[in-house]
Amino acid sequence: MIPRVVVAAPASSSGKTTVATGLMAALAARGDRVSGHKVGPDYIDPGYHALATGRPPRNLDPVLCGEDRVAPLFLHGAAGADIAVVEGVMGLFDGAAGSAAPDGPGDPGSTAHVAALLGAPVVLVVDASRSARSVAALVHGFCTYDPRVRIAGVILNRVGSQRHEEILRTALEDTGTEVLGVVGRRERVHTPSRHLGLIPAAERADDAHGAVQELSELVAASCDLDALRAVARAAPPLAAEPWDAAAEAEPWRIPARTRPPRIAVAGGPAFTFGYTEQEELLRAAGAQVHAVDPLRDEALPEGTDGLIVGGGFPEVHAAELSANAALRGEVAALAARGGPVAAECAGLLYLCRSLDGAPMCGVLPADAAMTGSLTLGYRSAVAVGDTLLARAGTRVRGHEFHRTAVEPRSGDRPAWQWNSGGGEGFASGTVSASYLHVHWAGLPSAAGRFLTAARARSAEEVR
């Protein structure tokens with residue numbers, strides 16, 4: 001049994017990331033092996049969790065992966081940990097709006113939905129900066145709204161003074177809700193952000209480590225860590241088996257004595273968005289996975305058979321990416337000779353002819369540019385033809401998150417279709433590129449198809 005607690009809030013911008021990341025770091029500083037998790041598709045917060053815990057980042061998203069995989073993925077990610085901290089998303093009951101979660105409270109993919117699937121107690125982070133006794137009514141409402149969600153206590157954030165704290169505590173006594181921490185208004189740690197949220201930890205280097213250390217000290221001084229540990233230990237056992245990458249990869253495992261395909265995965269400050277389970281699936285099947293930083297590396301890893309370029313912020317680094325003409329040429333050459341290339345969102349932009357006028361790899365007959373509007377949300381997509389990642393007719397749930405546009409938005413063979421306006425993205429026999437983020441734990445066959453293509457290319461080169 002893994003002790004676990006979910007850090008939630010009544011609304012966005014209440015301080016969940018501050019408290020959750022600080023709690024992970026504070027518990028780790030006391031010697032606990034801490035597993036950090038994030039509800040939903042967000043890639044940025046888990047980067048800070050990884051700094052706080054020293055463990056790979058983990059997402060829990062029933063929309064992208066299915067309800068039945070949430071507990072197994074949690075148990076897999078938290079294996080060997082003393083305690084797990086799960087950071088929520090938006091307001092406690094907010095998720096993919098439009099219908100109730102099929103087997104739990106709140107919207108599908110909401111923090112409440114995931115907390116119920118994990119049987120985990122919830123600690124509510126309440127922004128008290130503009131309220132006094134009214135906070136008791138708010139907390140009472142959240143505690144009684146749905147009995148399937150157990151709120152074990154609150155952490156009051158942005159409290160203005162000792163007198164303010166006294167008023168809040170007195171009011172909450174009437175609700176029977178335990179106050180597990182009080183964070184002062186002036187104690188708020190600033191974490192810089194830009195057009196898609198916080199700046200990823202990988203882009204801030206030492207500054208990010210310093211911020212996590214500040215959060216650790218803040219939470220240790222403001223919250224009752226022993227009481228929070230006790231809350232986590234009260235979680236019941238989970239009736240599930242851990243997700244097993246090896247079992248998922250068994251149908252397409254690389255035979256022994258066969259040269260394993262070498263897969264390059266783009267990383268570095270420009271490409272920070274990716275789910276940990278993707279590489280785990282590839283490695284479990286017997287592939288060799290190597291990182292490549294398109295900002296700094298002038299060549300793909302030697303013997304690269306396939307390339308994966310995930311999400312990130314290439315628009316922020318367009319000039320540097322463009323200046324690395326040597327690597328852009330290698331990416332184009334890999335695609336031209338039939339090496340499989342899978343790209344999503346930022347990767348799509350990198351494969352275009354240009355990004356905001358700066359030359360990119362030229363793999364796709366398209367140009368990309370920043371826009372003033374945000375495109376955000378879950379998508380129900382279907383593969384309109386056989387592609388590198390899916391058979392024709394395959395239905396997936398993905399996520400779209402960008403402020404850029406590509407013209408044209410699709411090629412003669414689209415990668416996916418998820419609206420009535422036609423296809424999205426670009427597909428050929430060995431290239432798949434679109435704005436759609438897909439969690440491969442929810443579509444493990446994508447790893448199998450990608451590796452099959454990489455092995456075929458490797459075999460051709462050996463001949």
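**Notebook: a sheet, its helices and a ring cluster**

I began with helix H12 (276–284), and I found that H12 lies across S10, S11 and S12, running at about 140° to S11. For "lying across" I looked for contact, meaning heavy atoms within 4.5 Å. Axes are lines fitted to C-alpha atoms, for helices over the stretch in contact, and the angles run from 0 to 180 degrees between N-to-C directions. Helices (H or I, at least four residues) and strands (E, at least two) are DSSP runs, numbered from the N terminus.

A note to keep beside me: this is a predicted model, where local features need pLDDT of at least 70 and side-chain atom pairs count only at pLDDT 80 or more, while totals for chains, interfaces and linings use all residues. Residues are numbered from 1 along each chain as its sequence is written, and side-chain values use heavy atoms, with hydrogens and water left out.

**The sheet**

Next I looked up the strands. I found an open sheet of six strands with mixed pairing, in the order S11-S10-S12-S13-S21-S20. Its edges are S11 (288–292) and S20 (426–427), each pairing on one side only. Two strands pair if DSSP finds at least two bridges between them. I followed S12 to S13 (residues 341–344) and saw that they pair in the parallel sense over three bridges. Valine 309 has alanine 343 in S13 as its bridge partner.

I then turned to helix H14 (residues 325–336), which lies across S11, S12, S13 and S21 (431–434) and runs at about 120° to S12.

**The rings**

Which residues do ring pairs link into a cluster? I noted Tyr43, Phe273, Tyr275 and Phe313. Rings of Phe, Tyr and Trp (its six-membered ring) pair if their centres lie within 6.5 Å; planes under 30 degrees apart count as stacked, over 60 as edge-to-face and the rest as tilted. By this rule I have seven aromatic pairs.

Tyrosine 43 and phenylalanine 273 are stacked, because their ring centres are 4.8 Å apart and their planes are at 10°. This pair links parts of the chain 230 residues apart. Tyrosine 43 is buried at 9% relative accessible area, and phenylalanine 273 is buried at 5%. Buried means under 20%, exposed over 50%, partly exposed in between (1.4 Å probe, protein chains only).

Phenylalanine 273 also pairs with phenylalanine 313: centres 5.5 Å apart and planes at 80°, so edge-to-face. Here the partners are 40 residues apart, and phenylalanine 313 is buried too.

**One more helix**

Last, I checked H4 (residues 67–77), which is mostly covered, with eight of its eleven residues buried. Among them are Val70, Leu73, Phe74 and Gly77.
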